[in-house]
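Dear colleague,

Please find the structure we discussed below, together with its sequence. My notes on it follow directly after.

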Amino acid sequence: MTLDVQTWLDVGRKNLSEHYRTAFHESLSNPSRDYWTCVFEEHAEAALSRVADLLNEAKIQADGCLVLGGATPRKVKFKGGRKYAYQFVHTVLTALLASYEDVVRHTCHNRNCIRPDHLISGTRAENYQDERERRYLGR
Ligand SMILES: [Zn+2]
């Protein structure tokens with residue numbers, strides 16, 4: 001299986017370049033949104049480069065998941081923030097400002113997976129359902 005890391009990065013670069021502040025931006029301000037706004041607007045290339053490092057380091061598994069080493073999901077330190085690697089990859093590549101209620105979900109139920117097309121945005125309620133299914137599947 002070949003993975004086109006460059007295509008994922010190109011899409012991410014385009015999404016980041018199209019990021020803009022909506023009329024509601026200031027009223028929705030919170031520490032998480034402010035952090036990602038700063039990343040999107042001031043550190044886009046450095047963030048993409050970190051995503052590239054993570055994707056290149058991760059190993060492809062037989063089930064298609066792209067997994068970083070370690071028993072628990074890896075965290076990424078970047079520009080004063082500390083995020084899960086899957087959260088970092090998804091948020092940077094989609095350039096979507098998440099609110100508190102938004103989470104990054106795994107369609108594969110593998111929390112160590114950072115493969116961009118296994119990651120989707122969702123709500124906390126949906127994530128809770130994912131977690132129940134994941135436990136049920138013994139992952
Ligand atoms: Zn996966």
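The crossing of α3 and α4 is left-handed (the near helix is turned anticlockwise from the far one by less than a right angle; helices, H or I of at least four residues, and strands, E of at least two, are DSSP runs numbered from the N terminus). This is a predicted model, in which local features need pLDDT of at least 70 and side-chain atom pairs count only at pLDDT 80 or more, while totals for chains, interfaces and linings use all residues. Residues are numbered from 1 along each chain as its sequence is written.

The axes of α3 and α4 come within 10 Å and cross at roughly 130° (axes are lines fitted to C-alpha atoms, for helices over the stretch in contact, and angles run from 0 to 180 degrees between N-to-C directions). The two helices, α3 and α4, are therefore oblique to each other, since angles under 35 degrees count as roughly parallel, over 145 as roughly antiparallel, 65 to 115 as roughly perpendicular and the rest as oblique. On the α3 side the contact is made by A47, L48, V51 and L54, and on the α4 side by A85, F88, V89, V92 and L93 (contact requires C-beta atoms, placed from the backbone, within 7 Å). By class, this contact has 9 nonpolar, no polar and no charged residues (Ala, Val, Leu, Ile, Met, Phe, Trp, Tyr, Cys and Pro count as nonpolar, Asp, Glu, Lys and Arg as charged, and the others, Gly among them, as polar).

Of the 10 residues of α4, 8 are buried, so this helix is largely enclosed by the rest of the structure (buried means 20 or more other C-beta atoms within 10 Å, exposed 12 or fewer, and partly exposed in between). Among the buried residues of α4 are Y86, H90 and T91. After α4 comes A95, with a positive phi near 55°.

The largest nonpolar core has 24 residues, and V51, L54, A85, Y86, V89 and I114 have the most contacts inside it (such a core joins buried Ala, Val, Leu, Ile, Met, Phe, Trp, Tyr and Cys residues through C-beta atoms within 7 Å). Helices α2 (31-42), α3 (44-57) and α4 (85-94) each supply at least two residues of this core, and α4 gives the most, with 6 residues.

Lastly, R105 lies in strand β5 (residues 102-106). R105 is buried, with 20 other C-beta atoms within 10 Å. Leaving out residues up to four places away in sequence, R105 touches I120, G122, E126, N127 and D130.

With kind regards

Definitions and conventions. Two residues are in contact if their C-beta atoms, placed from the backbone, lie within 7 Å.
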